[in-house]
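Please consult the sequence and the structure before turning to each solution.

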Amino acid sequence: MSIDRNSRAKSLHRWVFVAALVSLITALASAAAAGAAQPIHPLAWVHADRLAPEEAVPLLTVPPVDRAAAALEDIARGEAGLPPRFAIPTSVTVTPETSGSWDAAPDGSLVWRLRVRSPAASSLNLGFTQYVMPPGGALYVYSPDRGQWLRPFTDADNTSHGELWTPVLLADALVVEVDLPAGTRDALQLHLGQVNAGYRYFGAKTTSAPESGSCNVDVVCPDGDPWRNEIPAIARISISGIYLCTGFMVNNTARDQRPLFQTANHCGLNSGNSGTLVAYWNYQTSVCGGTPDGSLADNQSGSTWRAAYSPSDFTLVELSRSPDPAWKISFAGWDNTGADAANATCIHHPNADEKRISFEYQATSTTSYLGNTSPGDGTHVRVFDWDKGTTEGGSSGSPLFDQNHHVIGQLHGGYAACGNDLSDWFGKFAVSWNGGGTSSSRLRDWLDPGNTGATSLDTLNPYGTSCQTNADCDDGLFCNGVRLGLSEWHERSVRQSRLRDRSWRGLPLLPLRLQRRAGWQAGRPVLLRGRGGREPDRLR
């Protein structure tokens, strides 16, 4: 008996060690993913004692926002069906040759700086209408107190459209800095054409309450659990540095992770301004029903316009670069048959808040925009009323999924709000599929590049969480042919596994292959692997 007890004790110790190791690595990975933006090292910080003091750098001041006038304009904009606005633009003409100041670092590197301010602004973002960075160079944007900063922009951000539109900085003043290797000044092409001063949404909250209605449901709540594959595909977007909408990454039949991104046509994204798009990924609360605390750190800038069709209110662009793999973005599946859904789900950013999810338990119908008669002109999908959640301004462009988790439309507008049972209308995906009959007016050429004739396509999640059953998975290390990271093993095992012996409950759970590596033997415990009331408005 003593030998058996010792053997069991050794096995227990081995299991606890391996489980603790997995938990530690998972925790570290989660902390890294949830953390703040990575530290930056602009030369003006590194050589602060060798360069001109920041207060000596020339200051560009743009007018403060007239908030009362802006509020009246926003009412009129809403009535005209225009997307929500969060900032007021000021056109400027700034280049390193005409504005700011140059310094030389001790190693011969060149430093150009400019201070920008808009008194009492809630946020600032910049539109560089010309951006070509030479290799080794970098553009930095940070607050004067160095408490906030954006990631460095480098030659990897050079694009065919030649522009760079920055994410927001939640401050009323900032510093622009360009660091260049010696001898590369002539290769820099930089023109600041627009400064956008924020006055609502980004950074404008005066309380910790959400901007959106109280009936909205956070995607981190249990209601979102069946939609974990689709939730990462949706992004909050800004256009021209001043407008807000929602959009989503969409899958194509090549399943090649091409960064095709769909939103609503009335959001105003077109061939002339597609380079201004900024996508904010994973902007969601950390706790169900908790204080809004979403991070804006997962963002990217720029796109190229591909197609649009106003009757079904869709626009398709291709992002200038693929999202960072660390963000784990998925690609939404779709259905182009035109069949009405038995029930429907919308994932969106209401009033520019963190990501929410809404549910309609009744069947959808096909109608005209804002029409109640079916089929009308057949261009839209009508959601009769939301049974849980709602949509609001800023939700425009968000995907409507059917019961099979396939997109059947993107939000155009409607009257739904917390406290009412009114309808919303989504531009019909099946109409957008063939659109106006050309590659620039339909989805078909882009989402079925091989002309396979597919009528539906599932969501593509390249990062392993698409395994919902044993049938979906190869083994404990692979999911749909994709090797899982250690944190994905652990996450999926915790979700899918249970211990036979109740005394082991609460411990981290591992896949069978890792159990075997940890020395599990027959006869010992094993894991079972299994499987706010708002006024209604028309446009979103």
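**Exercise 1.** Is glutamate 318 buried or exposed?

*Solution.* The model is a predicted one.
Step 1. The relative accessible area of glutamate 318 is 14%.
Step 2. Buried means under 20%, so glutamate 318 is classed as buried.

**Exercise 2.** Determine the salt-bridge partner of glutamate 318 and locate both residues.

*Solution.* 
Step 1. Glutamate 318 forms a salt bridge with arginine 258, and the closest N and O atoms are 2.9 Å apart.
Step 2. Glutamate 318 belongs to strand S17 (residues 314–319), whereas arginine 258 lies in the loop between strand S12 (243–249) and strand S13 (260–264). The two residues are 60 residues apart, and the pair links distant parts of the chain.
Step 3. Arginine 258 has a relative accessible area of 26% and is partly exposed.

**Exercise 3.** Which parts of the chain does the salt bridge between arginine 200 and aspartate 74 tie together?

*Solution.* 
Step 1. In this salt bridge the closest N and O atoms are 3.6 Å apart.
Step 2. Aspartate 74 is buried, at 12% relative accessible area, while arginine 200 is partly exposed, at 23%.
Step 3. Through shared partners, salt bridges join Glu73, Asp74, Arg85 and Arg200 into one network.

**Exercise 4.** Why is one side of S2 and of S7 left without a neighbour in the sheet?

*Solution.* 
Step 1. The open sheet has 4 strands in the order S2-S9-S5-S7, with antiparallel pairing.
Step 2. Strand S2 (87–94) and strand S7 (164–165) are at the edges and have a single partner strand each; therefore one side of each has no neighbour in the sheet.
Step 3. S2 pairs with strand S9 (residues 189–198) in the antiparallel sense over 6 bridges. Proline 89 stands opposite asparagine 196 in S9.

**Exercise 5.** Describe the side chains of strand S22 (residues 380–383) and the pairing of this strand.

*Solution.* 
Step 1. In a regular strand the side chains alternate between the two faces of the sheet.
Step 2. From S22, His380 and Arg382 point one way and Val381 and Val383 the other way; all are buried.
Step 3. S22 runs antiparallel to strand S21 (residues 365–367), joined by 3 bridges, and pairs in the antiparallel sense with strand S25 (residues 424–428) over 4 bridges.
Step 4. Valine 381 stands opposite threonine 366 and opposite phenylalanine 426 in S25.

How values were computed:
Residues numbered from 1 in each chain as written. Predicted model: local features only at pLDDT ≥ 70, side-chain atom pairs only at ≥ 80, totals over all residues. Heavy atoms only, no water. Pairing = 2+ DSSP bridges. Buried < 20%, exposed > 50% of the residue type's maximum accessible area, 1.4 Å probe, protein only. Salt bridge = Lys/Arg side-chain N within 4 Å of Asp/Glu carboxyl O.
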